[in-house]
Amino acid sequence: MFTLAYISVAISKYLDFIGRRNTMDDHQVAETATLILDEYPDLKMDDIALFFRQCRLSRFGKLYDLNGAVLLDWLHTFLVERNRAYCLKCEADEKAAREADERRWEEERARMT
């Protein structure tokens with residue numbers, strides 16, 4: 001319940017920030033928050049905060065008509081990009097670990113000969 005309220009407040013604050021509070025009434029905000037939570041039940045509050053920060057910075061395109069569908073689309077884009085960045089970081093970490101293991105193995109082999 002707390003997460004649902006947090007998402008609703010985040011949406012309302014975003015609407016206030018962009019001066020479009022009249023584009024979504026309280027019912028639409030609550031419904032959008034519920035849809036977000038239903039679609040992404042593992043979403044963390046840090047992710048929500050980062051998402052709305054990026055919305056404020058217009059990272060998902062120009063704002064013409066804001067509604068729940070637009071926010072859901074932007075959130076999907078945000079999560080795809082976040083997951084892609086996470087995968088790239090994991091791959092880089094794995095590559096670095098493999099290279100470190102190979103260096104250690106080569107050093108060990110050099111000491112043995």
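This is a predicted model: local features need pLDDT of at least 70, side-chain atom pairs count only at pLDDT 80 or more; totals for chains, interfaces and linings use all residues.
Ground rules before the structure. Residues are numbered from 1 along each chain as its sequence is written, and side-chain values use heavy atoms, with hydrogens and water left out. Local features need pLDDT of at least 70, and side-chain atom pairs count only at pLDDT 80 or more, while totals for chains, interfaces and linings use all residues.

Helix pairs, then. Two packed helices are described by the angle between their axes and the distance between the axes. Helices here are DSSP runs of H or I, at least four residues, numbered from the N terminus. Axes are lines fitted to C-alpha atoms over the stretch in contact, with angles from 0 to 180 degrees between N-to-C directions.

Start with H1 and H3. H1 covers residues 2–18, and H3 covers residues 45–56. Their axes come within 11 Å and cross at roughly 10°. H1 and H3 are therefore roughly parallel, a label for angles under 35 degrees. Who makes the contact, meaning heavy atoms within 4.5 Å? From H1 come Phe2, Thr3, Tyr6, Ile7, Ala10, Ile11, Lys13, Tyr14 and Phe17. From H3 come Met45, Ile48, Ala49, Phe52, Cys55 and Arg56. By class, the contact of H1 with H3 has twelve nonpolar, one polar and two charged residues. For the classes, Ala, Val, Leu, Ile, Met, Phe, Trp, Tyr, Cys and Pro are nonpolar, Asp, Glu, Lys and Arg are charged, and the others, Gly among them, are polar.

Next pair: H2, residues 26–39, and H4, residues 68–112. The angle is about 30°, and the axes are 10 Å apart. That makes H2 roughly parallel to H4. Thr32, Leu35 and Ile36 of H2 meet Gly68, Leu71, Leu72 and Leu75 of H4. This contact of H2 with H4 holds five nonpolar, two polar and no charged residues.

Now single residues. Leu15 sits in H1. Is Leu15 buried or exposed? Leu15 has 0% relative accessibility and counts as buried. Buried means under 20% relative accessible area, exposed over 50%, and partly exposed in between, with a 1.4 Å probe and protein chains only. Setting aside neighbours within four places in sequence, Leu15 contacts Arg20, Arg21, Thr23, Met24, Val29 and Leu66. For scale, Leu15 and Arg103 are 88 residues apart along the chain, with 53 Å between their C-alpha atoms.

On to H3. Phe51 lies there and is buried, at a relative accessible area of 1%. Not counting residues up to four places away in sequence, Phe51 touches Phe60, Leu71, Trp74, Leu75 and Phe78. Phe51 and Glu106 are 45 Å apart, C-alpha to C-alpha, and 55 residues apart in sequence.

Asp47 is also in H3. Asp47 is buried too, with a relative accessible area of 14%. Which residues does Asp47 touch, leaving out those up to four places away in sequence? Phe78 and Arg82. The Asp47 and Arg82 side chains make a polar contact at 2.8 Å. That term needs a pair of N or O atoms within 3.5 Å; within protein, one must be able to donate a hydrogen and the other to accept it, and residues adjacent in sequence count only if both atoms are side-chain atoms.

Last stop, Ser58. Ser58 is in the loop between H3 and H4. At 44% relative accessibility, Ser58 counts as partly exposed. Its phi is near 60°, a positive value in a residue other than glycine. Most residues other than glycine have a negative phi.

Methods. Helices (H or I, at least four residues) and strands (E, at least two) are DSSP runs, numbered from the N terminus. Angles under 35 degrees count as roughly parallel, over 145 as roughly antiparallel, 65 to 115 as roughly perpendicular and the rest as oblique. Contact means heavy atoms within 4.5 Å.
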